[in-house]
Structure formats: C-alpha cells, structure tokens
Amino acid sequence: MEMFTSSNILTGCDSEGAADAIRRVGGMLAGFGYVRDNYVKGLLERGAAGGVVRTGGAVPSAPHYYDQYIAAPGMVMATYPEGVPWNGADVHVVVGVAGTGEILGQLTKCALGAFSDGEAVRAAVAAGDAEALFAAFSSGKGATA
C-alpha cells in the first residue's frame, strides 16, 4: 500500500465546517485502509483546535492513544476552493495523516512544507489539479500552479 498518491486527493469539495472536513479526511483515511473507523473519533476529539494550520491548509491530528487504530501510514487530502473556516482562518486544503513516530513526522513535514506559499496552494486548488497538488505535497516544497 502506497502512503500517498494522486488518487488520495479529493478536489473541488464544497465548503463545510471544520468538523465535517475532519470527518471527510478521516473517512478517506479509513476508506484507503490507513486507519480503522475509530481513528476518526480521535481526529474529532481534538477537532480544529488539534490541527496545525499553515497558510492555506490544515493538518488535523488525533491524540496518541488513537495510534492503535492506525493500520498503515498514509496521507489524504481534500481541497476546498471556497475555503473552510478553521479557528478564525480560511483553509483551502485539509490533510489527513496517519502514522506514528518518524513516519508521522515525515508525512506532517511534507504536508506543512506544501503550505509555504498560500497563493500557489489556492491557485492549484482553484484549478482542481490533483497532479500538481500531488507533486507539491510529494516534494514538500509548496504548490505551483
């Protein structure tokens, strides 16, 4: 099972609340087999307050005691051209990450590195270009439109 591919990217989602966006990426993580359904409860337990927000994107996380529900390391993302209100900010990408230890750190670093240029992220999201987003997140250097 690959940790991240362009098929792990859902583009063009309608705007929704942070909790629904967390449910969406949590469901995607479960659907791809990275986590069991109980992991989504952990993401929701922390909610938007438990997510790292960087220009244009958010990476929600679950408390460590939910690690038992991780089946394999992986990453998914949902894009929101109209944005998602997230703790007073608008985010356009919500990334779900499943992993522990060093792998979790690498996946999170990759996701956060892609948010270094918020305008480029928004342009790639608006274009609905999963391949461009995949390239940006795979490099961890930011989206280019």
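Arg-23 and Asp-20 sit three residues apart, about one turn of the helix, and both belong to helix H1 (residues 18-31). Helices (H or I, at least four residues) and strands (E, at least two) are DSSP runs, numbered from the N terminus. Before we start, please note that this is a predicted model, in which local features need pLDDT of at least 70 and side-chain atom pairs count only at pLDDT 80 or more, while totals for chains, interfaces and linings use all residues. Residues are numbered from 1 along each chain as its sequence is written, and side-chain values use heavy atoms, with hydrogens and water left out.

**Exercise 1. Find out what joins Arg-23 to Asp-20, and how exposed the two residues are.**

Step 1. Recall that a salt bridge is a side-chain nitrogen of Lys or Arg within 4 Å of a carboxyl oxygen of Asp or Glu.
Step 2. The closest N and O atoms of Arg-23 and Asp-20 are 2.8 Å apart, and the two form a salt bridge.
Step 3. An α-helix has 3.6 residues a turn, so residues three or four places apart point the same way.
Step 4. Buried means under 20% relative accessible area, exposed over 50%, and partly exposed in between (1.4 Å probe, protein chains only). Arg-23 has 42% and is therefore partly exposed; Asp-20, with 39%, is partly exposed too.

**Exercise 2. Describe the surroundings of Glu-16.**

Step 1. Locate Glu-16 in the loop between S1 and H1.
Step 2. Its relative accessible area is 17%, so Glu-16 is buried.
Step 3. The structure holds two salt bridges, and one of them links Glu-16 with Arg-24, with 2.9 Å between the closest N and O atoms. Arg-24 is partly exposed, because its relative accessible area is 30%.
Step 4. Contact means heavy atoms within 4.5 Å. Not counting residues up to four places away in sequence, Glu-16 touches Ala-21, Arg-24, Tyr-80, Val-84 and Pro-85.

**Exercise 3. Decide whether Asn-8 is buried or exposed, and list its contacts.**

Step 1. Look in the segment before strand S1 (9-10), where Asn-8 lies.
Step 2. Asn-8 has 2% relative accessibility, so it counts as buried.
Step 3. Leaving aside neighbours within four places in sequence, Asn-8 is in contact with Met-3, Met-28, Phe-32, Tyr-34, Met-75, Val-76 and Met-77.

**Exercise 4. Trace how ring pairs link Tyr-65, Tyr-66 and Tyr-69.**

Step 1. Rings of Phe, Tyr and Trp (its six-membered ring) pair if their centres lie within 6.5 Å; planes under 30 degrees apart count as stacked, over 60 as edge-to-face and the rest as tilted. The whole structure has four aromatic pairs.
Step 2. Tyr-65 and Tyr-66 have ring centres 5.2 Å apart and planes at 35°, so this pair is tilted.
Step 3. Tyr-66 also pairs with Tyr-69, again tilted, at 5.9 Å centre to centre and 45° between the planes.
Step 4. Together, these ring pairs link Tyr-65, Tyr-66 and Tyr-69 into a cluster.
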